[in-house]
Amino acid sequence: MLSPTPSVSTTTRCLDTPRGTPYEVPLESFIKSVLPPLPSGLVVDEVIRKLEKAGKKSSSQKPITRKGRWRGFPVDPEATRVPEETCLRNLESVFRSILKAAATKTGRRPSLRFQNNPACVTWSLDRTWDTFPDAFWSRESGCSWYDLAVSGEYKKKETNGEEHDNAMKVTMSMLNCMRRDPCRRFTFAFTVENTRMKLWFCDRAQLLCSTPFNFILDREYLVHFCLSIAYAEPDQLGWDPTVVLANDRRRYDITVLSDKGEARVYRTLELISCSGAQVLLGRGTRVWKVVQVENGEERGNPMVLKDVWANPRRKREGTILDELRKADYSPYSRQDFECAYLSRVLDGDVFNGPASTNLDNTHMFGLEEESASDREKRSSSADSWHSTSVLAPFPSISSEPSLVIIFSAFAQAVTALHLMHIAGWVHRDVSSGNILLAEDGAARLVDLEYTHKVNDADDEFRVGTPKYMAIEVHVQRYLFSRPDPFSPSRTLNTPPPATPERSLSPAVELPTPPGSKDSYEVPKTPIFRYNALHDMESLWWVAVHVIFNREVDSSADGGHNTASDEQRFHAENMFGNREDRFYTLVTQTGFSEKIMSLHPSVRHVAYVLENMRESLVRWHHKAEADLDSLDHTGCAEGLYDIFVQGFTAIAQHDASQYIRLQHFTAATDDSGHKDASRAASILSQEGEVRSRHGETKPIQNETNSLKRKSSSDDIASITTAKKAR
């Protein structure tokens, strides 16, 4: 029987981390609603009594001492001089004693074993993405991230700083479990500071932690946690029964159940994109190249399978494709549409097992002692369904090194967006991972989960991939509604506004006091809505990301591949600093002043992108001259041709210069040592957007500007990775 109140205060503390803020729930509710149930026949009180009686002949070997404490912990760890590693070994002995006492009751071996990490790294700032947690429960069959079921982080002292660092470490370990293993639906963890233990849970929609308890004195909670985890079934520990390892080459067999109840198995051949799986809370999107399997044999042509945790309030991607196809296109445009989008093969939900009728959804637990307002706040993000779409095949441009192929694909993506806008829809998530390539170089625009019909109501505004998000979408207001202070009509002698920020802010001034003859009503600012220009801006950011977040591969010529420190600095700021991002897009010199940091062979690409940026800003100002009559899908007319011509010019220029791009390599300091922190900062994680304001500058003729090339990758912003470390 669990005691009514733990021996530790349940005051909520702030545990904000770059990977999410945990929602703290009562320990009793966590045990009853979140942990796997105890095996049949196991009673916590009986196991504790057996532990108290064990080793009677030799009291020095009793798991529980006469003072009611676990052996190995005669006093609190904080009061001893033993290192943390010794405390962890003592905790391992405690878990071993619990499982030994429960063995006669269950009649079977535990499915997990508890281990300490002999090479544990104490502080989160010293960790890399290969660092294992301080301790962990793992499957008996192995000891890798694919076998790790529960992460554990330990601190000998109990301070706010130690607690926060444990939160940093444990969320990093939980993310590693979720992002590395496609079979993971959710994961558990625990943290310890001195005697305080917290239990953790995370799926793709929510991050929970329990209120703390004293693991030395509140034995019943520790015993319950140990038995619940050690004897749980794989699906109760977060492994997806519909995704199984096909062979030792990390290929998976994925079972998809259609809405008609038809089960099909697809075997993965290649991972196309996994950027959505690089964050702890999100859609967890993975895109695979797959082939159908029948009776164990691979059959048919390769296809694309997208596995995602989707919002049930959104339409399925296949449904959106069907609606787009029904739009009133001209015969020529309809032919273009079939070339720009994939054909749907199958849409289906993921069930908890091949023979199950229970949909696999994120857990909206019914937690006790939770107020209605807290439950409503938690439910806003905890509702998510696991679904799968099977489409036609192709890799994404994220892994493509050739500038010719990449920018040809961008030109085709413009056509795809134009067709979508004609139909009255906006994409809202244009990214490098959402542009796929066929073997003949044809591009397809995919990932329509956020695609929205402009006339339909929608309560989700700031959606999409943050590093490619339009600056207006990020701040949720119109920024170009005043006359363009840097338009060509201004002479060189006309001074710019006092502050760029004010020039782009909505025209709202304080009203004159009532009764004054000059009094007037402040005009109401229209509600911000996503429009076609935001899609075009996202595509521009994708192109910029291509040339600034990669380096030219000069190894074939015996040259050095490492990008300049200045290029890395600009890449970090443009995709990780709000003020610089704003400044880059809107000011006259914000982008052009960064061009010289690039390798000479790709600067011509940046010059063309500068021309396109100028046009984009002009179109923003023109569209927002009258916000009441803004055409949300037609406001980019004329800009499509400019973008197609620019991307095509880059591709044609580079056809004669076979320039290839690659990921950033680690920078080298004066002593010849590689900067590991810089290399670690290029991890695949989606980061936060930042931005800033300024002015625009016309450049030379596009043909004369062409001087170089570059490529892209769907890697995360450097700032977020630094925060993660």
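**A tryptophan and its strand**

Author: Trp 200 has its place in strand S6. The model is a predicted one.

Reader: Is Trp 200 buried or exposed?
Author: Trp 200 counts as buried, because its relative accessibility is 1%, and the cut-off for buried is under 20%.

Reader: Which side chain does Trp 200 join in a polar contact?
Author: The side chain of Thr 191 is joined to that of Trp 200 by a polar contact of 3.0 Å.

Reader: How far is Trp 200 from Ser 151?
Author: In sequence they are 49 residues apart, and in space their C-alpha atoms are 9.1 Å apart.

Reader: What about the rest of S6; how many of its residues are buried?
Author: Strand S6 covers residues 196–203, and eight of the eight are buried, so the strand is largely enclosed by the rest of the structure.

Reader: Which residues point which way from S6?
Author: Arg 196, Lys 198, Trp 200 and Cys 202 point one way, while Met 197, Leu 199, Phe 201 and Asp 203 point the other way. All of these residues are buried, on either side.

Reader: And how does S6 pair with strand S5?
Author: S5, residues 186–193, pairs with S6 in the antiparallel sense, over eight bridges. Within this pairing, Phe 188 stands opposite Phe 201 of S6. The hairpin of S5 and S6 has two residues between the strands, and Asn 194 there takes a positive phi near 60°.

Reader: How does S6 pair with S7?
Author: S7 is made of residues 207–210 and pairs with S6 over three bridges, again in the antiparallel sense. Cys 202 stands opposite Leu 207 of S7. These two strands also form a hairpin, with three residues between them.

Reader: And with S8?
Author: S8, residues 213–214, is antiparallel to S6 and pairs with it over two bridges. Asn 214 in S8 is the bridge partner of Arg 196.

Reader: You mentioned Cys 202. How many disulfides are there?
Author: A search of the whole structure finds zero disulfides.

Reader: Then how accessible are Cys 202 and Cys 143?
Author: Cys 202 counts as buried, at 0% relative accessibility. Cys 143 is partly exposed, with a relative accessible area of 42%.

Reader: Let us change topic. What does strand S3 pair with?
Author: S3, residues 135–139, runs antiparallel to S2, residues 112–116, and five bridges join them. Arg 139 in S3 is the bridge partner of Leu 112. S3 is also joined to S4, residues 148–155, by four bridges, and these strands too run antiparallel. In that pairing, Ser 138 stands opposite Leu 148 of S4.

Reader: How many residues of S3 are buried?
Author: Four of its five residues are buried, so to speak a mostly covered strand.

Reader: Now a helix, please. What span should H9 have?
Author: H9 has 20 residues, 403–422, and at 1.5 Å a residue it should span 28 Å. Its end C-alpha atoms are 29 Å apart, which agrees.

Reader: Which residues touch the most other members of the largest nonpolar core?
Author: They are Phe 407, Phe 410, Trp 540, Leu 609 and Phe 647, in a core of 76 residues. Apart from it lies another core, of 64 residues, including Leu 35, Ile 48, Val 243 and Met 303.

Reader: What does Leu 609 touch?
Author: Beyond residues up to four places away in sequence, Leu 609 touches Trp 540, Ala 543, Val 544, Ile 547, Phe 591 and Phe 647.

Reader: Where is Ser 431?
Author: Ser 431 is in the loop between strand S16 (425–426) and strand S17 (435–437). Ser 431 is buried, with a relative accessible area of 4%. Leaving aside residues up to four places away in sequence, Ser 431 touches Thr 465, Tyr 468 and Val 542.

Reader: Finally, how many helices and strands does the chain have?
Author: The chain has 19 helices and 21 strands. Of its 725 residues, 57% count as buried.

How values were computed
Residues numbered from 1 in each chain as written. Predicted model: local features only at pLDDT ≥ 70, side-chain atom pairs only at ≥ 80, totals over all residues. Heavy atoms only, no water. Expected span 1.5 Å × (residues − 1). Core = buried A, V, L, I, M, F, W, Y, C linked by side-chain atoms within 4.5 Å. Buried < 20%, exposed > 50% of the residue type's maximum accessible area, 1.4 Å probe, protein only. Contact = heavy atoms within 4.5 Å. Pairing = 2+ DSSP bridges. Disulfide = S-S within 2.5 Å. Polar contact = N/O pair within 3.5 Å; in protein donor to acceptor, adjacent residues only side chain to side chain.
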